Amino acid sequence: DLLVELLRHYFQLTLVVNGQPKNGKKAAEPLLKTSKTYVIGLHPHGVAPTATTIAVMTDACGVKEKVFGKVNVRLGVATWCFTIPAYREMFGAAGFKDVSKFNLAKLLKAGTSVMMYPGGSQEAEFAFPDKHALSLQRKQGFVRLALEHGADLVPVYSFGENACYDQVQATWKPFLSFRDKFHRMSGITILFLKNIIPRPAKCTVVVGAPIPVNKVANP
């Protein structure tokens, strides 16, 4: 609890929930209902979505009381995170799941809602302080997943996540071409960072109202 509180202060984390009071008063009930399942899209991915993950995976900002309630939720992370020894055990112990479609579909069928960063590691290439750029044009699998299971979509945006890291903007065309090919093969993006430890950027995580989704067997 002490560590969570320290992290909340370090990132100046604030949680804003659509339709709920902003004056400190307690909301009547959580945003999500136990009668539904949800596909929650977290944006942006950032270099490494540290602050956002702390906000949604711990109770630093009261996300359980304000958003999840009794809804069972799991966060999906890149498949490669489960192929590296030590990483695999660390992510597993934290309750993360492989973001592959098979695993997410299995969770939704069991009544467990899922969270993910749709932009993935490719979006990290656009993560610069004070800039808002998402990679979504070819990243719509999460919408298809929601349609196939009739799970409502929940948009979440973290203002300040991109300011946690500062990277060197690559412009050399041969490197950019190599990076794109390497990403397609491995799912990993090569970045040159000016800081390894995330900066104490002020992060405001905004949770939007669920978007109703009707089940479509073959969207």
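My entries below go from the fold to the overall dimensions and the surface.

**Ground rules.** I am working with a predicted model, where local features need pLDDT of at least 70, side-chain atom pairs count only at pLDDT 80 or more, and totals for chains, interfaces and linings use all residues. I number residues from 1 along each chain as its sequence is written, and side-chain values use heavy atoms, with hydrogens and water left out.

**Fold.** I found seven helices and seven strands in the protein chain; these are DSSP runs numbered from the N terminus (helices H or I, at least four residues; strands E, at least two). Along the sequence I read α-β-β-α-α-β-α-β-α-β-α-β-α-β.

**Sheet.** In what order do the seven strands of the open sheet lie? I noted S1-S7-S6-S2-S5-S3-S4, with mixed pairing; two strands pair if DSSP finds at least two bridges between them. At the edges I have S1 (14–17) and S4 (97–98), each pairing on one side only. I then followed S1 to S7 (residues 204–207): they run parallel over four bridges, and Thr-14 has Thr-204 as its bridge partner in S7.

**Dimensions.** I checked the radius of gyration (over C-alpha atoms; globule rule 2.2 Å times the number of residues to the power 0.38). The chain has 17 Å, which agrees with the value near 17 Å for a compact globule of 219 residues. Its C-alpha atoms fill a box of roughly 55 × 45 × 30 Å along the principal axes.

**Burial.** I see 44% of the 219 residues counted as buried, meaning under 20% relative accessible area (1.4 Å probe, protein chains only).

Conventions
Buried < 20%, exposed > 50% of the residue type's maximum accessible area, 1.4 Å probe, protein only.
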